[in-house]
Amino acid sequence: NELETAKCQDVCAKAVSVMCVLAVSFAQSEPKTPAQIQIRLAGDKRKHYEGRVEVNYNGEWGTVCDDDFDISAAHVVCRELGYLGAVAWYPSAKYGKGEGHIWLDNVHCTGREASLADCLSNGFGVSDCRHTEDVGVVCTQKRIPGFHFISTSSNDVETLDVRVEDVRIRATFSQRKRIPITEGFVEVKDAGKWRQICDEWWSPMNSRIVCGMHGFPGEKGFNTRSYRLLSARRKKNYWGFSVNCTGNEAHLSTCRMGKHRLMGNSTCARGMPVVVSCVPGRLFAPSQSLGFRKAYRPEQPLVRLRGGGNLGEGRVEVLKGGVWGTVCDDNWDLRAATVVCRELGFGTAKEALTGARLGQGMGPVHMNEVECSGFEKSLTECYFNRDALGCSHEEDAAVRCNVPAMSLRSRLRLSGGRNPYEGRVEVLVERNGSMVWGTVCSENWGMIEAMVVCRQLGLGFASHAFQETWYWPGDVSADSVVMSGVRCSGTEMSLAQCLHHGKHLSCPKGGGRFAAGVSCSDGAPDLVLNAELVEHTTYLEDRPMYMLQCAHEENCLASSAAMADTSSYRRLLRFSSQIHNNGRADFRPKAGQHAWIWHECHRRHYHSMEVFTHYDLLSLNGTRVAEGHKASFCLEDTECDEGIPKRYACANFGQQGITVGCWDTYRHDIDCQWIDVTDVKPGDYIFQVVINPNYEVAESDYTNNIMRCQCRYDGYRIWTYNCHTGGSRSSDVNEFPGIMTNQLQRR
């Protein structure tokens, strides 16, 4: 019996073993069904195409760990969201820590998967990560043509997540030649086709958002009857969704969508295709006498933009008590940015920028922790925390606004350059009834004109202006000069708005090799003088002429010094200057090292810029009574903000310049750091310092290159007071009495 029992156990064991092997084999051969997930981008202070990656699995939202995550996985995420691909990915919860499950960890993608669920991973919910490791991605802004994604996480039609490919205002035939187009049918691109929206559930708030997307601050009424007659004669193809905007969204895609029962050629029996009519900002409004306004001048006295390379972008600055100051980026979002954009005559905001992305400002930080509803007429009406202190200019907030399509780039191009940012300037003009391309005469062509060209083309700032372009072979058919005598103020939207000769050209040099050219860049330096230091360091010194021979040779004394006896004295107004680079690119001399001039007299430096600053003493009516000039003896980083290394030093014929975040200090006791006031009579004057006076080097803002002080001289002593840089205070205080007393109210 024991033997039979043993045999039975052996047979049973083998049978069980065979069954297990068969079960395992069957399980391995069974096809794996990918999990059904949904993906979204979340987080604070982000654009719509970037954010923390969140996954909806089994009806719950969770995050993805950054372990083993790479750009291939980011491509899969972005394509699943309807974008063409990824630009970058970020570990360590760059967009803030998420909540709930960490659904995926150790994700490995080839980049060809249709969904993140198809990638290899530890499995859903299997993770040893914390939310400090939540991964984020940045997708390209371009969408997959025809991409159509609707959320399946909710049956509520008012929360459908519809990805809008594109939106346009289609003008009627009679209005298509108007620039900008402000009125027409609203059309949405869906599955590669343009479709109309039925107006049965359309509201003025929806129109407000569509106008804002196209660069207009507001909407207005229109002639419904004419559009109804026009739409009756047209074939219609309606979009299958209704739109419900609250009015403070930045884009139609962020509004709530509802499912329509209308599709295809449905007649929208109780309505017609949606029409909007937008109100352009004052900068873009046509004028019967002057056409479009010829220069960009902020019309609103309480808010302005500074430091932006393109129209509708810049650091946000607010006027309080007659003094301009910045806004701290704490809680800065698209809603507050849109209030700024609309206030200045633009549309909604494309981006709410933080971290001084468009350069650091000077002076006070007026507002912090700003919260707007989106319907305020001015940023100054928004709530803010006046008790929150500690913000530095490294946290200055900025915006990029939607601006109307003005077709400015269609009449200007750069030709022959090594890249799209440089080349010979060519313009499209009418000649003998036809449109032809031609060049611009380079006579008197300078940095200000180059700035206008780069802005018109949307290429940011000018880095160089060229008067010879023989090394850039452009289009031979465009060699002829078609524009000459160009003089710009720097505020124009297009080169055609600058002063020029019109049809009567005058270009002695001719075109060809002497045609005007430019090179553009995304960033530019911005030099600002420390006015407070100047005010605190001014004093008078009587110095014997025999100690000023080198300074005399370098033209640092008044003209009367040429006749002065060596035993006589010169009275000098001395001061220190500290020049900060608050821009987004290093300040470098225009000339290369080979062109720097060695001055034998001092035998200790090269001049990299023959005229770097002008020092002037002016009468109260602006007449110059004494002057000085300062060559760039040595442009270098004297000191830098914490964490920024010095890059430029003059010792041993080193590279000269001023790094972003650094400053160059000229002490009061060095040669030529003065104004010769020997011949000045007692009285009240204006003390003025101008940096980079000839605009030899490009900067993002030339208005703050000037510093002025009030000055009183009694023949023995001198007092300087009320020193301030250009643009730091309101020039309209007398015209706007409320500005000096306006206080930003906490509501």
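The legends below describe close-up views of a predicted model. Local features are reported at pLDDT of at least 70 and side-chain atom pairs at pLDDT 80 or more, whereas totals for chains, interfaces and linings use all residues. Residues are numbered from 1 along each chain as its sequence is written, and side-chain values use heavy atoms, with hydrogens and water left out.

View 1. A disulfide is a pair of cysteine sulfur atoms within 2.5 Å, and a search of the whole structure finds 14 of them. In the pair shown here, the sulfur atoms of C65 and C129 are 2.0 Å apart. The disulfide is left-handed because the torsion about its S-S bond is about -75 degrees. Helices (H or I, at least four residues) and strands (E, at least two) are DSSP runs, numbered from the N terminus. C65 is buried, with a relative accessible area of 0%, and C129 is also buried, at 12%. Buried means under 20% relative accessible area, exposed over 50%, and partly exposed in between (1.4 Å probe, protein chains only).

**View 2. A disulfide joins C341 to C401.** The distance from sulfur to sulfur is 2.0 Å. C341 belongs to helix α5 (residues 334-343) and C401 to strand β19 (residues 398-401), so the link ties together parts that are 60 residues apart in sequence. With -80 degrees about the S-S bond, this link is left-handed. Both C341 and C401 are buried.

**View 3. C709 and C723 form a disulfide, while C711 is too far from the closest cysteine sulfur for a bond.** The sulfur atoms of C709 and C723 are 1.9 Å apart. C709 is in strand β38 (residues 706-713) and C723 in strand β39 (residues 718-725), so the bond connects parts that are 14 residues apart in sequence. The link is right-handed, with 115 degrees about the S-S bond. Both cysteines of the pair are buried. The sulfur of C711 is 7.9 Å from the closest cysteine sulfur, that of C709. C711 is buried too, with a relative accessible area of 1%.

**View 4. A93 and S407 have a positive phi.** Most residues other than glycine have a negative phi. Phi of A93 is about 55 degrees, although A93 is not a glycine. A93 is placed in the loop between β4 (86-90) and β5, and is buried at 14% relative accessible area. For S407, phi is near 55 degrees. S407 sits in the loop between β19 and β20 (412-416) and is partly exposed, at 44%.

**View 5. The buried residues of helix α4 line one face of the helix.** In α4 (residues 224-232), the buried residues are Y227, L230 and S231. Seen down the helix axis, these residues fall within an arc of 95 degrees, so they line one face; the arc is that of the directions from the helix axis to the C-beta atoms. They pack against β8 (183-190) and β13 (275-279), where contact means heavy atoms within 4.5 Å. On the other side of α4, R225 and A232 are exposed.
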